[in-house]
Amino acid sequence: MNAHVGRAFERIALVRLSAIGDVVMALPALEALRLAHPQAHIAWVVEKRASNVLLGHPSLDEIIEFPRLRTIRKESRWGFLAAAASLLQLRRELRKRRFDVALDFQGNLKSGLCTWATGAPLRIGYPRSVCREPNWLFTNHRVDLNGQELHRMQSDLLVAAAAGAEPYHLRPKVAFSDQDRVPGDQCIQGDSAFDRHQVLLHPGTSDFMPHKRWPLNNYARLGEHLYRTKNVRLLLSWGPGEQSMVADLASELSSLGVPSEVIPDTPSMKSLGYLMSKCHLVVGSDTGPVHLAVALGVPVITLLGPGDPRHYHPFGHPDRAFYRRVACSPCRHRTCAPRDCMSGIEPHTVAEKAVQILESITLRSPGS
């Protein structure tokens, strides 16, 4: 698998444009590449909306923003020309950097074009059998996964191994600024971190994948169970446009006699991740903040409906992924009316696992 062991690459381009959770899951591959090539210049090509977790990363020398392309419609000649112009400009910028290897962790047409645009003589990616769209046309070394159904972190590590890295998982680094820490330190401070478990519920997902959301009444039933049995402090987190969602959840919990707290505004993904890192347990769906919590070493329960648990479970803890297989599972659709795969995940089974996790965590004593 290590096709280029011993070769010292000087300029490395990583291509993982989106989504936030997938960028997070590629971070161990970055760590492995940095260990293998400590003197190399490593750049990451990423879309702006997924770039926040990379800011200030100690193993990364450069972040290159992939331009937002207009939707290309057959009837829109100008849209096509604008997208082509953006790609040509990106190609010029990438080729100035003279990369000697590019690694495509995404496997779709857009990432393939970006990998080709680097001009790197060695372009590593996934085999045709697992790529979406004709991505494989733009790489010249394709990693053989031997038909294995691997966690996304593991498969990305195998791509990195083709550039000489050791395919071992290392907990990724995230560079938190003082500003990133403010909401978390305001929310969880002093003795409140000692006398009760802090459990955070994250009911939202991106607007692109609303069918990944677990019903709010299920979150409320879970929260009620944890409050009654473990007297936990319930925190409700939210992202852009999700204030009304968590307000509804807080109202539903209140109607059950369960107190909860909506977290303060976290202006960036890293600030939300830092707040999550101070919790004892995070529960949420297959979404960026939840994957970031996993990467930061927080105990996480992931509610997977459309996503394949073999690829997206909390790494190292497949038992913490809840998944109800239905006839169409897994799927990549962006809309689904029934959402049977999500609504069928029973709160009481999630609660049992949550209690088990909390009972394994000893609360610290003040001053320890």
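Guide: One definition before we start. Helices, at least four residues long, and strands, at least two, are DSSP runs numbered from the N terminus. Also, this is a predicted model.

Visitor: Okay. Where does alanine 19 sit, then?
Guide: Alanine 19 is in the loop between S1 and helix H1 (20-25).

Visitor: What about the peptide bond from serine 18 to alanine 19, cis or trans?
Guide: That bond, from serine 18 to alanine 19, is cis. Its omega is near -10 degrees.

Visitor: Let's do sheets. What is the strand order in the open sheet with S1?
Guide: The order is S3-S2-S1-S4-S5-S6. That makes six strands, with parallel pairing.

Visitor: Which strands stand at the edges there?
Guide: Strand S3 (62-66) and strand S6 (141-142). Each has a single partner strand, so one side of each has no neighbour in the sheet.

Visitor: How many bridges join S5 and S6?
Guide: Two bridges, in the parallel sense, with S5 covering residues 122-125. Take glycine 125: its bridge partner in S6 is arginine 142.

Visitor: Which strands does helix H2 lie across?
Guide: Helix H2 (residues 27-36) lies across strand S1 (11-15), strand S2 (41-47) and strand S4 (101-104). It runs at about 165 degrees to S2.

Visitor: And the sheet with S7, what order does that one have?
Guide: S9-S8-S7-S10-S11-S12. This open sheet has six strands and parallel pairing. Its edge strands are strand S9 (261-262) and strand S12 (321-323), and each pairs on one side only.

Visitor: What does S9 pair with?
Guide: S8 and S9 pair in the parallel sense over two bridges. Leucine 236 has valine 262 as its bridge partner in S9. Helix H9 (residues 243-255) lies across both S8 and S9, at about 155 degrees to S8.

Visitor: How about S11, buried or exposed?
Guide: Buried. Five of the five residues of strand S11 (residues 300-304) are buried, so the strand is largely enclosed by the rest of the structure.

Visitor: Which way do its side chains point?
Guide: Val300, Thr302 and Leu304 point one way from S11. Ile301 and Leu303 point the other way. In a regular strand the side chains alternate between the two faces of the sheet.

Visitor: What about S10 and S11, how many bridges there?
Guide: Four bridges, again in the parallel sense, with S10 at residues 281-285. Glycine 284 stands opposite threonine 302 in S11.

Visitor: New topic. What's in the largest nonpolar core?
Guide: The largest core has 88 residues. Trp44, Leu103 and Leu303 have the most contacts inside it. Helix H14 (residues 347-359) gives the largest share, six residues. Apart from this core lies another, of 14 residues, including Ala13, Leu17, Leu90 and Ala120.

Visitor: Last thing. Which residues other than glycine have a positive phi?
Guide: Asparagine 231 is one of them, with phi near 50 degrees. It sits in the loop between helix H8 (216-230) and strand S8 (233-236). Asparagine 231 is partly exposed, at 41% relative accessible area. Arginine 98 is not a glycine either, and its phi is positive at about 55 degrees. Its place is the loop between helix H3 (77-96) and S4.

Visitor: Is arginine 98 buried or exposed?
Guide: Exposed, with a relative accessible area of 68%.

Methods. Residues are numbered from 1 along each chain as its sequence is written. This is a predicted model: local features need pLDDT of at least 70, side-chain atom pairs count only at pLDDT 80 or more; totals for chains, interfaces and linings use all residues. Side-chain values use heavy atoms; hydrogens and water are left out. A nonpolar core is a set of buried Ala, Val, Leu, Ile, Met, Phe, Trp, Tyr and Cys residues joined through side-chain atoms within 4.5 Å. Buried means under 20% relative accessible area, exposed over 50%, partly exposed in between (1.4 Å probe, protein chains only). Two strands pair if DSSP finds at least two bridges between them. Contact means heavy atoms within 4.5 Å. Axes are lines fitted to C-alpha atoms, for helices over the stretch in contact, and angles run from 0 to 180 degrees between N-to-C directions.
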